[in-house]
Amino acid sequence: MYAYAALASLGDDVYGEPSTAALEAHVAKITGKEAALFVPSGTMSNQLALRTHLKQPPYSVLCDHRAHIHKYEAGGTAFHSGATSILVTPSNGHHLTLADIQEEIILDDNIHFAPTEVVALENTLNGTIIPQEEVIAISDWVHSKGKKMHLDGARIWHVAIETGTPLKELCDPFDSVSLCLSKGLGAPVGSCLVGTTEFIKKARGFRKLFGGGMRQTSILAASAAYALTHNFPKLIDVHALSRKLEDGLKEIGVRILSPAETCMIFFDPSTIGVDYVELVERADALPKPIKIGGSRLVLHIQTSTEAVEDLLSLLRQMAEEKKAAGFVPTDVNGKPSGNIYVRAKKPQ
Ligand SMILES: Cc1ncc(COP(=O)(O)O)c(C=O)c1O
């Protein structure tokens, strides 16, 4: 990756930087879109997309209630675009369906409501994959109503690898897609927003306005090009390792809140008497420390089999300690309570 970065051009991306332009052209090509824009973060990419699609309030953006654009982008949809969010809970507990969206979307001209202009999906969402037939059904219907489709595809690479579906096919149903280079792919910085030439031209203007027009981006773009070529294919092994971790957790009696469809597992160790805070502390104290933030385990191209085995051994040992102290393991199939994304915070 360093070698790629060292060979990059050194232009100024506000005026069009050659290595960055080459990366943008490549990402546009593999996603089947006319143009791409390199941006500093996934958050900026999503927010630029919404800002570019949305012209004149009042309006709303419909998304899954767990969507990154709603929960983890600091209220950007309201701040940057003056839009309200329509949050929908999947009736199947996994992914949004056309029926869920038809139930909640605002299409009429009742002046009490903010009409939905954009339906935004996220794939993967919490590491889970939306079936492509459902995406196509949603897109066909939303487009038939004259509305736009955006995909937060920060982790779409995982879907492509796991399902063997070309990126273009996954992106075809959307007017715009945001793809992160700095997560599963392991590039140091950056995301790409893709869409039509006209859309990306407008988004490039907003990128400058948002303060995201960077200068010597080539070393980042070249690193991303390396990641696309060399790291992308490794995701298949990451997914296999995640499933191995999930199997090990189940065997110990840890409840799985959301299974390893790609690189993430949400888990609840209370079934073996362990809470997140003590697990975080014990994992951090291992000879080779493992950093855990809470209920979400994310594996990546640098996660070793050894790290997975160390974590499983630790949990096995903790389960034994709890049993010896009188804890009776609880039913792993019982209904978990609350949000699946739990941060391990020490009580104040
Ligand atoms: C699905 C999804 N979208 C968007 C983002 C935002 O990316 P960034 O952290 O680069 O702003 C993330 C970050 O984890 C994400 O998981």
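In which strand is Ser191 found? In this predicted model, Ser191 belongs to strand β7, which covers residues 191-195. This residue makes a friendly starting point for a walk through the structure. With a relative accessibility of 0%, Ser191 counts as buried, because buried means under 20% relative accessible area. Its surroundings come from other parts of the chain: leaving aside residues up to four places away in sequence, Ser191 touches Leu37, Phe38, Val39, Ser41, Gly42 and Ser45, and also Leu179, Cys180 and Leu181. A further pairing shows how sequence and space can part ways. Ser191 and Thr43 are 148 residues apart in sequence, yet their C-alpha atoms are 8.9 Å apart in space.

Val280 is part of helix α13, made up of residues 276-284. Its relative accessible area is 23%, so Val280 is partly exposed. When residues up to four places away in sequence are left out, Val280 touches Ile292 and Ala344. Val280 and Gly293, which are 13 residues apart in sequence, have C-alpha atoms 7.0 Å apart.

Stepping back from single residues, the whole protein can now be described. The protein contains 14 helices and 10 strands. For a chain of 348 residues, a compact globule would have a radius of gyration near 20 Å, and the value of 22 Å for the protein agrees with this. Along the principal axes, the C-alpha atoms fill a box of roughly 65 × 55 × 40 Å. Of the 348 residues, 50% count as buried.

The protein is divided into two parts, domain 1 (2-231) and domain 2 (253-324). How far apart do the C-alpha centres of domain 1 and domain 2 lie? The distance between these centres is 31 Å. The two domains also meet, with 12 residues of domain 1 in contact with eight residues of domain 2.

At least two lining residues come from each of α11 (218-231), β10 (296-298) and α14 (305-324). Sorted by class, the lining of the largest pocket holds 15 nonpolar, nine polar and six charged residues.

The second largest pocket has a volume of about 340 Å³. There are 24 residues in its lining, and His68, Tyr72, Glu122, Arg155 and Arg296 lie nearest its centre.

The protein has three cavities of 30 Å³ or more. The largest cavity has a volume of about 80 Å³. It is lined by Asp64, Arg66, His94, His95, Leu96, Ala120, Leu121, Glu122, Leu125, Thr128 and Ile130. Strand β4 (residues 116-122) gives the most to this lining, with three residues. By class, the lining of the largest cavity divides into five nonpolar, three polar and three charged residues.

The second largest cavity holds about 60 Å³ of space. Arg66, Lys71, Tyr72, Asn126, Asn339, Ile340 and Tyr341 form its lining, with three nonpolar, two polar and two charged residues among them. Some names return from one space to another. Arg66 lines the largest cavity and also the second largest cavity. Glu122 is part of the lining of the largest cavity and is listed among the residues nearest the centre of the second largest pocket. Tyr72, likewise, lines the second largest cavity and lies among the residues nearest the centre of the second largest pocket.

Methods:
Residues numbered from 1 in each chain as written. Predicted model: local features only at pLDDT ≥ 70, side-chain atom pairs only at ≥ 80, totals over all residues. Heavy atoms only, no water. Helix = DSSP H or I, 4+ residues; strand = E, 2+ residues; numbered from the N terminus. Nonpolar A, V, L, I, M, F, W, Y, C, P; charged D, E, K, R; others polar. 1 Å grid on protein atoms, 1.4 Å probe; cavity = no way out; pocket = protein on both sides within 12 Å on 5 of 7 lines; lining within 4 Å. Points joined across faces, edges and corners; volume = space filled by probe spheres on them. Rg over C-alpha atoms; globule rule 2.2 N^0.38 Å. Buried < 20%, exposed > 50% of the residue type's maximum accessible area, 1.4 Å probe, protein only. Domains from an automatic or database assignment. Contact = heavy atoms within 4.5 Å.
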